[in-house]
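Q: Can we go through this one together? I'd like to ask about strands, charged pairs and helix packing.

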Amino acid sequence: MITSFDDQGPKLENMSNRHYEYSKSNSGNRYHEYSLQGGGKSNRYYDYNKSTSGSSRKMKELLLKSDNQVCADCDAPDPKWASANIGVFLCLKCCSVHRNLSSDISKVLSVTLDEWSEEDIESMVEVGGNSSANAIYEAYIPKGISKPKPNATIEERTKFIRSKYEFQEFLKPSLRMISSKSSFKTCASGVDSDSFYSPATSRNATDASISIGTLKVKVVRGINLAIRDFRSSDPYVILALGQQKVKTSVKQSNLNPVWNEELKLTVPQRYGALKLQVYDYDTFSADDIMGEAEVDLQPFIAAATVFSDEELPDDMQVGKWLKSSDNALMKDSTINIIGGKIKQEIHLKLQNVESGELELELEWIPLHQ
């Protein structure tokens with residue numbers, strides 16, 4: 001038997017062969033586990049408020065929103081589970097389907113029984129709950145396909161949930177991309193983005209000529225760049241997107257250059273990563289490399305495309321590119337609506353070099369502007 005906790009006190013639910021007792025203390029909510037098999041009391045307490053009080057407050061506020069009081073996938077009331085990385089609340093039946101997806105697609109946690117990390121809570125708060133997530137994942141449900149009801153069969157739930165999250169069939173067509181580290185494949189074709197610009201493929205050439213918007217990149221500054229001359233370097237930055245290349249001016253004898261230069265690149269229908277390289281300018285010999293990095297554009301363009309057909313709301317965060325061992329980020333990079341424009345600040349550690357960092361700011365320019 002399990003007790004779940006809310007502001008009105010403990011609530012009992014049948015589950016497994018253990019008894020859990022909730023209590024309130026100065027340190028937060030916790031439960032004490034009893035073993036019915038042994039007939040005795042164990043000494044295990046579980047604390048749910050290990051995160052900061054600020055995060056707990058944000059999570060509680062999120063739970064109070066009306067759209068989060070029903071399951072995101074079938075509208076069943078009082079969901080007790082959540083997908084932390086998707087940012088939705090789920091009923092037990094839909095939760096069981098999510099558990100059968102890979103954890104990088106849906107990380108399932110109990111609202112009351114699992115320990116939530118600070119990152120998990122922030123991820124939920126960032127999305128904003130069921131309505132915000134469904135506005136993206138259910139943007140284009142085709143005619144003839146209906147959302148499961150609370151009494152739907154497991155087969156009906158599985159088909160819908162896999163289509164919604166795993167195959168991303170209800171997103172706008174331009175957003176239907178699955179990320180796997182730094183490689184991207186479209187759900188429809190399964191074509192690697194590395195081949196998007198192959199001159200031998202006429203279809204890729206056609207796709208590369210179809211623009212979905214313009215990427216404005218502000219190269220803000222370099223930090224602690226590598227020395228390539230006697231005591232300093234003359235750095236400049238090259239940005240590449242497919243076959244396009246643009247570059248900044250050269251900063252003479254400066255390891256901490258400030259550029260604040262804006263460069264523009266056309267974004268094709270099939271796009272790969274934004275690649276950047278920093279070079280030291282030499283007058284009488286080949287320029288020396290001072291590091292490189294790649295920017296995963298998918299989170300930024302996904303957010304930009306979602307809002308491209310709408311009047312942008314007030315300033316708000318609409319996405320995030322997370323720091324990981326597979327990218328060059330120094331810290332998580334948030335995507336925000338600022339003054340009616342979609343922007344992203346990026347702080348990169350240059351790769352394949354002894355030192356150096358680079359700060360960028362991306363801005364999306366839609367086709368109609």
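Q: In β8, which residue is the bridge partner of Ser83?
A: Val108 of β8 is the bridge partner of Ser83. Keep in mind that this is a predicted model.

Q: How many bridges join β6 to β8, and which way do the strands run?
A: Three bridges join them, and the two strands run antiparallel. Strand β6 covers residues 81-83.

Q: What is the strand order in that open sheet?
A: The order is β7-β6-β8, three strands with antiparallel pairing. The edge strands are β7 (88-90) and β8 (108-110), each of which pairs on one side only. On average, neighbouring strands of this sheet are turned by 35° against each other, with direction ignored.

Q: Switching to charges. How many salt bridges are there?
A: The count comes to 16 salt bridges.

Q: Take Lys164. What does it form a salt bridge with, and how far apart are the closest N and O atoms?
A: Lys164 forms a salt bridge with Glu138, and the closest N and O atoms are 2.7 Å apart. The pair links distant parts of the chain: Lys164 sits in helix α5 (residues 154-166), while Glu138 is in the loop between α4 (130-137) and α5, 26 residues apart.

Q: Is Lys164 buried or exposed? And Glu138, buried or exposed?
A: Lys164 is buried, at a relative accessible area of 0%. Glu138 is at 16%, so it counts as buried too, the cut-off being under 20%.

Q: Which residues are linked with them in a network of salt bridges?
A: The network of salt bridges links Asp73, Asp75, Glu138, Lys147 and Lys164.

Q: What about Arg228, which residue does it form a salt bridge with?
A: Arg228 forms a salt bridge with Glu354, with the closest N and O atoms 2.7 Å apart. Arg228 lies in the loop between β11 (211-223) and β12 (235-241), and Glu354 in the loop between β19 (341-349) and β20 (357-365), so the pair ties together parts that are 126 residues apart in sequence.

Q: And the accessibility there: is Glu354 buried or exposed?
A: Glu354 is exposed, with a relative accessible area of 55%. Arg228 is partly exposed, at 26%.

Q: Next pair. How far apart are the closest N and O atoms of Glu363 and Lys341?
A: They are 3.8 Å apart, and the two residues form a salt bridge. Glu363 is in strand β20 and Lys341 in strand β19, so to speak a link between distant parts of the chain. C-alpha to C-alpha, Lys341 and Glu363 are 7.0 Å apart in space, and they are 22 residues apart in sequence.

Q: Is Glu363 buried or exposed?
A: Glu363 is buried, with a relative accessible area of 8%. Lys341 is at 35% and counts as partly exposed.

Q: Back to α5. At what angle do the axes of α2 and α5 cross?
A: The axes of helix α2 (residues 92-99) and α5 cross at roughly 55° and come within 10 Å. The two helices are therefore oblique to each other.

Q: Is the crossing left-handed or right-handed?
A: α2 passes α5 in a right-handed crossing.

Q: Which residues make the contact?
A: On α2 the contact is made by Lys93, Cys94, Ser96, Val97 and His98. On α5 the contact residues are Ile154, Arg157, Thr158, Ile161 and Tyr165.

Key. Residues are numbered from 1 along each chain as its sequence is written. This is a predicted model: local features need pLDDT of at least 70, side-chain atom pairs count only at pLDDT 80 or more; totals for chains, interfaces and linings use all residues. Side-chain values use heavy atoms; hydrogens and water are left out. Two strands pair if DSSP finds at least two bridges between them. Helices (H or I, at least four residues) and strands (E, at least two) are DSSP runs, numbered from the N terminus. Axes are lines fitted to C-alpha atoms, for helices over the stretch in contact, and angles run from 0 to 180 degrees between N-to-C directions. A salt bridge is a side-chain nitrogen of Lys or Arg within 4 Å of a carboxyl oxygen of Asp or Glu. Buried means under 20% relative accessible area, exposed over 50%, partly exposed in between (1.4 Å probe, protein chains only). Angles under 35 degrees count as roughly parallel, over 145 as roughly antiparallel, 65 to 115 as roughly perpendicular and the rest as oblique. A crossing is left-handed if the near helix is turned anticlockwise from the far one by less than a right angle, and right-handed if clockwise. Contact means heavy atoms within 4.5 Å.
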